[in-house]
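Reader: I should like to work through this model feature by feature. Please give the general idea in each case before turning to the structure itself.

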Amino acid sequence: MNHAVNLALPGIQEDLDATTAGLQWVVGAYMAAVAASVVAVSRLGVTDRIGLLELRAESLVAMGDLDSASADAASMLAAARRVGKPALLAQSLNCRALIEIRTGASRPALVTAADALAAAR
């Protein structure tokens with residue numbers, strides 16, 4: 001999920017005239033929110049493996065290791081399909097779409113994002 005805030009940082013910096021320290025606070029606040037949501041989701045009985053794979057994939061994207069992130073996204077998707085919960089499927093498809101965007105695969109990312117939205121309904 002860190003990829004979302006990384007993509008937004010240039011716009012945030014420009015809109016708010018933020019310093020590097022200010023941007024670090026934005027990233028820190030975002031990660032705190034992500035951690036809180038992971039705790040909340042885990043209490044709902046969602047498979048821990050999928051949540052861990054998502055966090056790992058997002059970290060790998062932030063580090064630029066898109067091949068490993070793609071492998072984790074594929075593992076997430078396979079696990080979500082095994083469990084059969086729409087929320088997990090939407091979560092894994094969303095992660096995959098964001099990785100596809102970073103790799104420059106815009107059309108597949110749009111299809112995957114649409115699939116994630118459909119799964120979330």
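**Reading the helices and their contacts**

Author: Of the contacts in the chain with a separation of 6 or more, 48% are between residues 24 or more positions apart. The model is a predicted one, and its secondary structure consists of six helices and zero strands. From the N terminus, the order of elements is α-α-α-α-α-α. The chain has 121 residues, of which 30% count as buried.

Reader: What is the mean pLDDT of the chain, and which helices have the lowest and the highest mean values?

Author: Where pLDDT is low, the predicted coordinates should not be read in detail. For this chain the mean pLDDT is 79, and 85% of the residues reach 70 or more. Among the elements, helix α2, residues 20-43, has the lowest mean, 74. The highest mean, 87, belongs to helix α6, residues 106-120.

Reader: Let us turn to helix packing. At what angle do the axes of α4 and α5 cross?

Author: Two packed helices are described by the angle between their axes and the distance between the axes. Here the axes of α4 (residues 66-83) and α5 (residues 86-102) come within 8 Å, with a crossing angle of roughly 160 degrees. An angle over 145 degrees counts as roughly antiparallel, and α4 is therefore roughly antiparallel to α5. The crossing in which α4 passes α5 is left-handed.

Reader: Which residues make the contact of α4 with α5?

Author: On the α4 side, the contact is made by Leu 66, Ala 69, Ser 70, Ala 73, Met 76, Leu 77, Ala 80, Arg 81 and Val 83. On the α5 side, the residues are Leu 88, Leu 89, Gln 91, Ser 92, Leu 93, Cys 95, Arg 96, Ile 99 and Arg 102. Sorted by class, the contact of α4 with α5 comprises 12 nonpolar, three polar and three charged residues.

Reader: Is Ala 73 buried or exposed, and what does Ala 73 touch beyond its sequence neighbours?

Author: Ala 73 belongs to helix α4. Ala 73 counts as buried because its relative accessibility is 3%, where the cut-off is under 20%. Beyond the neighbours within four places in sequence, Ala 73 is in contact with Cys 95, Arg 96 and Ile 99.

Reader: What are the relative accessibilities of Glu 100 and Ala 116?

Author: Glu 100, in helix α5, has a relative accessibility of 12% and therefore counts as buried. Leaving aside neighbours within four places in sequence, Glu 100 is in contact with Ala 105, Pro 108, Ala 109 and Thr 112. Ala 116 lies in helix α6 and counts as buried because its relative accessibility is 8%. Ala 116 and Arg 96 are 20 residues apart in sequence, and their C-alpha atoms are 9.4 Å apart in space.

Reader: One backbone feature remains. What is the phi of Asp 17, and where is Asp 17 found?

Author: Most residues other than glycine have a negative phi. Asp 17 is not a glycine, yet its phi is positive, about 50 degrees. Asp 17 is found in the loop between α1 (2-16) and α2. Asp 17 counts as exposed because its relative accessibility is 70%.

Reader: Which residues does Ile 12 contact beyond its sequence neighbours?

Author: Ile 12, in helix α1, is in contact with Asp 17, Ala 18, Leu 23 and Val 26, leaving aside neighbours within four places in sequence. Ile 12 and Gly 22 are 10 residues apart along the chain, and their C-alpha atoms are separated by 9.8 Å.

Note on methods:
Residues are numbered from 1 along each chain as its sequence is written. This is a predicted model: local features need pLDDT of at least 70, side-chain atom pairs count only at pLDDT 80 or more; totals for chains, interfaces and linings use all residues. Side-chain values use heavy atoms; hydrogens and water are left out. Axes are lines fitted to C-alpha atoms, for helices over the stretch in contact, and angles run from 0 to 180 degrees between N-to-C directions. Helices (H or I, at least four residues) and strands (E, at least two) are DSSP runs, numbered from the N terminus. Angles under 35 degrees count as roughly parallel, over 145 as roughly antiparallel, 65 to 115 as roughly perpendicular and the rest as oblique. A crossing is left-handed if the near helix is turned anticlockwise from the far one by less than a right angle, and right-handed if clockwise. Contact means heavy atoms within 4.5 Å. Ala, Val, Leu, Ile, Met, Phe, Trp, Tyr, Cys and Pro count as nonpolar, Asp, Glu, Lys and Arg as charged, and the others, Gly among them, as polar. pLDDT is the predictor's confidence in each residue, from 0 to 100. Buried means under 20% relative accessible area, exposed over 50%, partly exposed in between (1.4 Å probe, protein chains only).
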